[in-house]
Amino acid sequence: MKYPFARFVYRMLLRLTPRELRESYSEEMERLFVETLEMESERDGRFAHLRVVIGAVFDLLSWTLGNRTRGGWRGSKPVRSPLGFDGLRRDAFYALRSLRHSPAFSAIAVLTLALGLGGSVAIFSVVDHVLLRPLPFPEPSELYTVWETNVERGRTKSLVSPPTFVDWKESAESFSQMSALSVAAPTLSGGDSPERISGMMASPNIFELLSVPMLLGGSFPSEADAPRGGNLVVLSFGLWQSRFGSRHDAIGQTLDLDDETYTVVGVLPSDFQFPQHADVWMPLTFQPDMLGEGMRGARYLEVIARLRQGVTEDQAKAEMSAIARSLGESHPNNAGWDASLVGLRENLVLEYRSALFLLLFATLMVLVIACVNVVNLVLVRAMDGKQEKAVRLALGATGWRLFRQSLVQHTMLAVLGGLVGALIASWAVPSLIRLAPAELPRIDDVVVDARVLATCVLASVAVGCVLGVVSSLTGTRVTPGIVVRANQIGGAPARQRNRRALMVLEVALSLVLLIGAGLLIRSFVKLQNVDPGFSTSGITTASISLPRSRYETGPQRASLFRDVIERLAQRQQVSFVGATTNLPLSGSAMSFGFSIDGRPDATLNEQLSAEYHAVTPGYFRTMGIALRAGRPFEWIDDRSAPQVVIVNETMARRYWPDEDPVGKRLTVVSQGGPTSREIVGVIADVRHGGLATLPRVEVYVPLSQDPWSFATLVVRAPEGIQVSDIVRADLASLDAALPLGSVLPIEGHVARWLAPLQFQSVIVALFAASALVLSALGIYGVISYIVSLSTNEIGVRMALGAHPMHVFGSVVGQGVGLAAGGTVLGVAGALLATRFLSGLLFEISPFDPVVFTAVPALVVAVALLACFLPARRAVRVDPVAALREV
Amino acid sequence: MEKSTTLKPQWFQILLAIADGELHGLGIMKEVLEQTDGQMRLWPAMLYGSLKKMVDDGLVEEREGPVGPGSETDRRRFYGITEAGRQRLADEVARLAKYVRVAGEKDVVRGTVIP
């Protein structure tokens with residue numbers, strides 16, 4: 001169906017019409033409305049929708065009001081409402097008529113308000129969905145994430161290792177349920193070709209914890225996490241539809257995941273949402289070797305818990321800290337680690353909250369600026385309508401009556417603006433979603449719905465009331481006597497002062513916004529120019545994940561990776577190739593403890609830890625990571641050869657400030673427990689965690705000496721080579737059942753990392769630009785008006801011999817004076833406001849002198865431009881004509 | 001007679017539009033748009049509001065739409081002019097014609113040729 005949103009609005013408005021009409025014609029009317037929309041957009045695409053919607057809304061409102069006030073339908077008696085709604089209706093009808101009679105004013109005012117309200121509504125709908133709505137689980141406030149923390153190491157939110165989780169779960173009394181989660185990407189076979197799907201490994205009690213009832217079947221039995229406790233799987237609604245055609249006998253059927261057969265035990269309801277999407281849920285099982293002492297440093301589990309009724313967050317936190325302390329006393333890998341609680345929803349949105357509130361703030365500023373502009377327009381009209389008001393007062397209208405009239409009129413104006421704004425928002429939101437980083441939780445669900453629309457209407461009414469009051473403050477002071485002197489020129493000086501003050505405010509507000517945008521953009525550019533320590537172009541990355549069933553032993557895994565890389569290296573199209581377990585900026589990281597042999601200041605008990613990477617020969621060369629000393633890895637560094645390690649510069653500087661680390665020995669914990677290794681090289685620093693994160697202490701070991709079941713291939717090839725096809729072919733020739741994971745150019749990882757920052761910079765810049773345009777229009781309006789009021793004065797001055805340049809200068813001077821006042825105020829405001837931005841800025845002060853000089857200069861230049869047209873008109877005033885009018 | 005002969009402009013245009021055959025809503029809207037050179041656009045509420053009153057007054061009646069091969073007459077409502085409607089239209093045309101004639105005789109709009 002076309003135009004769903006416009007139809008929705010129209011149908012809502014149809015309810016205003018008399019019932020007799022609505023009952024017999026609403027369908028036809030809606031159809032005609034849509035047909036008009038189609039016809040107009042075919043005939044003249046530009047703004048056609050807008051015109052038709054505004055026209056139809058006017059039609060509905062004015063027709064309804066016109067017919068209802070004139071005594072309703074033929075045959076029915078006019079009923080006088082006891083509460084004076086009749087009068088209100090008449091006011092509304094009168095208001096619509098007068099808006100229609102000054103189409104230019106109405107259009108500009110409605111569009112200005114629509115811009116402000118539409119932007120606010122669009123951003124609000126995102127903020128509402130992402131930040132404000134409760135999670136779709138019963139009693140969501142009881143849900144918490146639990147983290148390991150280590151203040152000394154600056155780790156405020158670390159994932160949890162399996163043995164620590166098991167200990168927590170056994171001892172913690174504050175929680176009714178505790179569950180661990182780990183993301184998986186199993187291969188689904190049995191269809192046309194093996195397919196990587198998204199999965200989640202979770203403790204069997206996860207669905208009881210979230211209180212999610214199954215659509216079909218049941219949840220996991222509690223013993224499902226025993227090693228080899230039966231391969232069970234719970235399907236998402238989507239996979240149940242696509243794989244089992246929504247059949248009810250899916251329970252008990254099987255599914256091949258990673259070459260193992262899983263039995264379907266349950267299907268999740270369609271409205272089940274979890275922050276990370278998963279097609280399948282499997283029980284998280286711990287093999288005995290994963291619960292060993294060495295694994296206490298392997299922190300990779302996310303932990304969710306539900307508070308027991310009557311237990312407070314503080315009590316739970318205290319209990320968890322006590323447990324962590326006692327674990328630290330008995331296990332060296334737990335020493336120094338505390339536990340912390342963060343609400344589940346808070347945890348989801350934590351990193352986006354400041355950015356989203358920043359955007360909301362920016363839109364509200366634009367809304368305020370839009371309102372200031374409309375107030376200005378309204379004031380001009382109040383001045384023009386003075387005579388009419390005086391006549392009405394003379395004919396016996398009360399001041400209250402006129403006030404109510406003005407209130408109704410401006411509320412209607414604002415509500416019209418709000419409706420058009422909601423339309424703008426409904427068009428803007430899909431683009432906003434496309435622009436937004438995909439990691440933003442629940443972003444896909446964002447829609448402009450009734451809740452957002454209601455907020456919009458409320459906001460419009462509030463804006464309308466403010467406008468009405470402001471305009472009445474100048475309007476009702478008119479006395480009947482003024483009619484006689486109706487041709488007086490110029491407004492009262494006080495009112496001119498008010499308008500100038502508003503202009504100064506407007507310029508100041510947009511300046512604050514522009515400075516904020518300038519800082520964000522400069523910070524973004526700086527981030528883009530950071531040297532990440534590796535080459536960010538010409539490399540294709542492809543992830544591979546080996547099923548444990550067929551690649552159970554280390555040598556099996558090592559030889560597959562070696563074979564793939566050697567095959568690729570022989571290809572003429574491939575320049576260099578390598579692989580790593582943790583690609584920079586991909587969000588994947590491992591961290592293990594280490595000690596330095598023969599150094600009492602650096603033993604395993606002291607819990608030093610380093611970012612850990614297992615890489616193949618060729619990895620450093622492919623990624624363009626420079627070798628600072630020693631040698632890179634070779635294929636001879638395999639299981640049977642001496643164990644070796646390469647450290648990064650940061651580590652070399654910190655632990656061997658005055659000597660050469662090459663040849664020294666380290667003991668590094670990893671899959672196989674602590675292993676002593678000889679340092680054979682020092683490698684340049686890489687910004688693994690993000691462009692804004694300083695490099696940490698890192699160790700690299702050969703993948704052949706510590707073969708993990710997953711790795712990411714990095715392939716450097718000349719431009720125009722379809723690397724993914726080559727990799728796929730070589731992988732298939734080795735193991736046809738092995739799917740290739742996500743293939744992404746390295747730029748993709750960088751872009752994905754930059755996406756949220758780009759999002760906030762672009763949006764804030766957009767709002768700042770509209771603020772600038774609105775203030776330029778505002779300045780133009782005020783200066784134009786001043787010029788038109790002083791036509792006679794200018795005429796007299798010109799007749800007395802004033803030079804046109806002087807006239808020009810004095811007009812421009814007035815505008816620039818306003819702009820300068822606004823600029824001073826704005827810079828002061830920005831100095832106060834930008835400190836709140838500092839958390840979002842990278843290597844740039846919130847008081848950056850470049851931004852603080854360039855932006856005010858831009859604003860003054862725009863103000864000059866806005867004054868130019870009225871000034872030219874002033875110079876062209878014909879002295880004779882002007883004098884004749886005095 | 002004088003009281004009721006003056007037709008509202010929208011009513012006049014609607015009657016004129018369906019004078020040579022019944023039309024549905026969009027048809028009337030398009031026809032009026034055309035015969036007024038785009039001067040009068042009948043928005044849904046105005047159109048159907050007027051139609052309802054004109055049906056009540058017996059000037060217009062709802063009719064079966066023409067059924068053609070594969071025509072999309074499903075649930076579309078067509079409107080045709082009644083005899084009373086035709087009479088009112090003729091009266092109005094005569095009244096307007098009289099004014100046009102008088103204006104022509106007085107040569108009110110100098111230099112403009114009035115047919």
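Modeller: Please note at the outset that this is a predicted model. We can begin with a strand pairing: strands β14 (residues 539–545) and β24 (residues 743–745) of chain A pair in the antiparallel sense, over three bridges.

Colleague: Which residue of β24(A) does Ala542(A) stand opposite?
Modeller: Ala542(A) stands opposite Val743(A).

Colleague: And how many bridges join β14(A) to strand β23 of chain A?
Modeller: Seven bridges link β14(A) to β23(A), which spans residues 710–716, and this pairing is antiparallel. Within it, Ser545(A) faces Phe710(A) of β23(A).

Colleague: Why is β14(A) described as largely enclosed?
Modeller: Six of its seven residues are buried, so β14(A) is largely enclosed by the rest of the structure.

Colleague: What does chain A contain as a whole, in helices and strands?
Modeller: Chain A has 23 helices and 24 strands. Of its 886 residues, 43% count as buried. Among contacts in chain A with a separation of 6 or more, 82% are between residues 24 or more positions apart.

Colleague: Let us take one residue. Is Phe524(A) buried or exposed?
Modeller: Phe524(A) is buried, because 21 other C-beta atoms lie within 10 Å and the cut-off for a buried residue is 20 or more. Phe524(A) is part of helix α14 (residues 493–528) of chain A.

Colleague: Which residues does Phe524(A) touch?
Modeller: Leaving aside residues up to four places away in sequence, Phe524(A) touches Leu757(A), Gln758(A) and Ser761(A). Phe524(A) and Leu754(A) are 230 residues apart in sequence, with their C-alpha atoms 8.4 Å apart in space.

Colleague: Turning to chain B, at what angle do helices α2 and α5 of that chain pack?
Modeller: Helix α2 (residues 9–17) and helix α5 (residues 83–106) of chain B pack at about 115 degrees, and their axes are 10 Å apart. Their crossing is left-handed. On the α2(B) side the contact is made by Phe12(B), Leu15(B) and Leu16(B), and on the α5(B) side by Gly85(B), Arg88(B), Leu89(B) and Glu92(B).

Colleague: What kinds of residue are those?
Modeller: Four are nonpolar, one is polar and two are charged.

Colleague: Where is confidence lowest in chain B?
Modeller: It is lowest in helix α1 (residues 2–5) of chain B, with a mean pLDDT of 50, and highest in strand β3 (residues 78–81) of chain B, at 92. Where pLDDT is low, the predicted coordinates should not be read in detail. Chain B has a mean pLDDT of 82, and 79% of its residues reach 70 or more.

Colleague: And what are the scores of the model?
Modeller: The ipTM is 0.85 and the pTM is 0.62.

Technical notes:
Residues are numbered from 1 along each chain as its sequence is written. Chains are lettered from A and ligands numbered from 1 in the order in which they are written. This is a predicted model: local features need pLDDT of at least 70, side-chain atom pairs count only at pLDDT 80 or more; totals for chains, interfaces and linings use all residues. A residue is buried if 20 or more other C-beta atoms lie within 10 Å of its own, exposed if 12 or fewer, and partly exposed in between; C-beta atoms are placed from the backbone. Helices (H or I, at least four residues) and strands (E, at least two) are DSSP runs, numbered from the N terminus. Two strands pair if DSSP finds at least two bridges between them. Two residues are in contact if their C-beta atoms, placed from the backbone, lie within 7 Å. pLDDT is the predictor's confidence in each residue, from 0 to 100. Axes are lines fitted to C-alpha atoms, for helices over the stretch in contact, and angles run from 0 to 180 degrees between N-to-C directions. A crossing is left-handed if the near helix is turned anticlockwise from the far one by less than a right angle, and right-handed if clockwise. Ala, Val, Leu, Ile, Met, Phe, Trp, Tyr, Cys and Pro count as nonpolar, Asp, Glu, Lys and Arg as charged, and the others, Gly among them, as polar.
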